[in-house]
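Dear colleague,

Please find below the structure that I am handing over to you. My notes on it follow directly after.

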Amino acid sequence: MMKRALLPVLAMVASHALAAPVDITVWRHDTGDAEMVASRNMVDRFNRAQDKWKVVVETIPQGTYTESITAASLVGHLPCVMAIDQPAVPNFAWAGTIRPLDKLLPASVVQPLLPGGRGTYQGRLYSVGQFDVVLALFARRSRLAAEGIRVATIEQPYSARELQDILLKVKQSGHYRYPLDLNGKATGEWFSYAFSPWLESAGADLIDRGNYLRVDGVLNGDAAVGVARYYGRLFRDRLAERNPADDKSFEQGRSLLQYTGSWKARDYSERFGDDLVVMPPPDFGNGPRIGAASWQWAVSSSCPYPAGAAAFLAHVLSAQEMAGFSRMTGLVPVTADAAALTEHYRPGGAWRIYFDFAARYARPRPATPGYPAISAAFEKAMADVRAGKDAAEAMDEAVETIEHDIARNGGYGFVRREAVARQ
């Protein structure tokens, strides 16, 4: 009798166990307080909205984050979903660490994303993001007026030549020792993020994106060398400071213009109010360009519950979640619908111009696993040019370094068309 009486109880326990939500493990890097709170709220809303999946987040220090993913992949201990800095996405895709999302996410979720919301490799989608940051020229309206300089606009940005003439004029006035702040304290990937768009604006690039194998004639072609020479002249003519002591030249009024990112939007808006003007980067001939994409979400190849991972990604990419994340962090949302739900980025909003830049000018960095080597070689070349090295020589050296790396890594999964034709 006792056994028979226990049967309904055991059945109820079994039924409850079967109905319990399945854990979806998520890794993300540790960031600022606002971003962490926004992320936690986003996860809580997902877990409350349905009972099939439960997202469980593990936070890892940013300094060791990428190494942690690599180490975990070697022993098969990856989470289902992980945050990845978009330029690193092709490397993880090439290694087989993450899976394509083309068939995992519906087109209705992916199509609205700006370029800064996607990470690709060999034409396939491997990551998606909620936000971006953009590059801009910052100035104060009153200070431009005092120098008799027009405000650049989307309709009429400064050409590279006009910007140089402005800087020379301001330099000669004696009002500014170094008229342009190029965020000179920044190092590492900043060089590629900030200045490879100048190459693209001139019709050049870091690598031929048609095959991701050819660098010679692209990074050291006439257009690219011309941009490098322009960059070098900014320091030679003392229009920008080679080795600034700090990164406060613009905010303290020592420079007229600053070239930096929208991460300064909140600070500068509060500091300068309506006197702040946000202008497009210079046009080197093919329209202004800026880098695209920041941290994004990817799904590991070993995830046992891809449907759960996809459900979470669809949740975070919804207009409501993207807008909520933007409101808490100030970061640029990457769909028009999400922007429309925010105070700052909606049409007519005080920060709408950053969204417009992301929509008009943004282009992701080269989608190749070789990007870290490309970026490091370009960084060295531009640092050498800043120090006074001949631009053509510096670019030739970068080309040689990059092509050697590509050859050593078997093309990073890319094959020349003529080789395919012979097969």
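In which sense do E7 and strand E10 (residues 276-279) pair, and over how many bridges? They pair in the antiparallel sense, over 4 bridges; two strands count as paired if DSSP finds at least two bridges between them.

Before the remaining findings, a note on the source. This is a predicted model, in which local features need pLDDT of at least 70 and side-chain atom pairs count only at pLDDT 80 or more, while totals for chains, interfaces and linings use all residues. Residues are numbered from 1 along each chain as its sequence is written, and side-chain values use heavy atoms, with hydrogens and water left out. Helices (H or I, at least four residues) and strands (E, at least two) are DSSP runs numbered from the N terminus.

Strand E7. In E10, Leu-276 is the bridge partner of Arg-140. E7 also pairs with strand E9 (residues 257-261), again in the antiparallel sense and over 4 bridges, and Leu-137 stands opposite Tyr-259 in E9. Because 5 of the 6 residues of E7 (residues 135-140) are buried, this strand is largely enclosed by the rest of the structure. Buried means under 20% relative accessible area, exposed over 50%, and partly exposed in between (1.4 Å probe, protein chains only).

Helix H7. The buried residues of H7 (residues 160-173) are Ala-160, Leu-163, Gln-164, Ile-166, Leu-167 and Val-170. They cover an arc of only 160° around the axis, which puts them on the same side of H7; the arc is that of the directions from the helix axis to the C-beta atoms. On the other side of H7, Arg-161 and Gln-172 are exposed. The cover over the buried residues of H7 includes strand E8 (180-181), H9 and E9. After H7 comes Gly-174, with a positive phi near 80°.

Gln-130. This residue lies in the loop between strand E5 (124-128) and strand E6 (131-132). Gln-130 is buried, with a relative accessible area of 3%, and its side chain reaches the backbone oxygen of Val-316 at 3.0 Å. Residues that Gln-130 touches, leaving out those up to four places away in sequence, include Met-42, Trp-297, Glu-321 and Pro-333; contact means heavy atoms within 4.5 Å.

Nonpolar core. The largest nonpolar core has 138 residues, and those that touch the most other members include Val-81, Trp-198 and Leu-219. Helix H9 (residues 222-236) gives the most to this core, with 8 residues. Such a core is a set of buried Ala, Val, Leu, Ile, Met, Phe, Trp, Tyr and Cys residues joined through side-chain atoms within 4.5 Å.

With kind regards

Key
The expected span of a helix is 1.5 Å times one less than its number of residues. A polar contact is a pair of N or O atoms within 3.5 Å; within protein, one must be able to donate a hydrogen and the other to accept it, and residues adjacent in sequence count only if both atoms are side-chain atoms.
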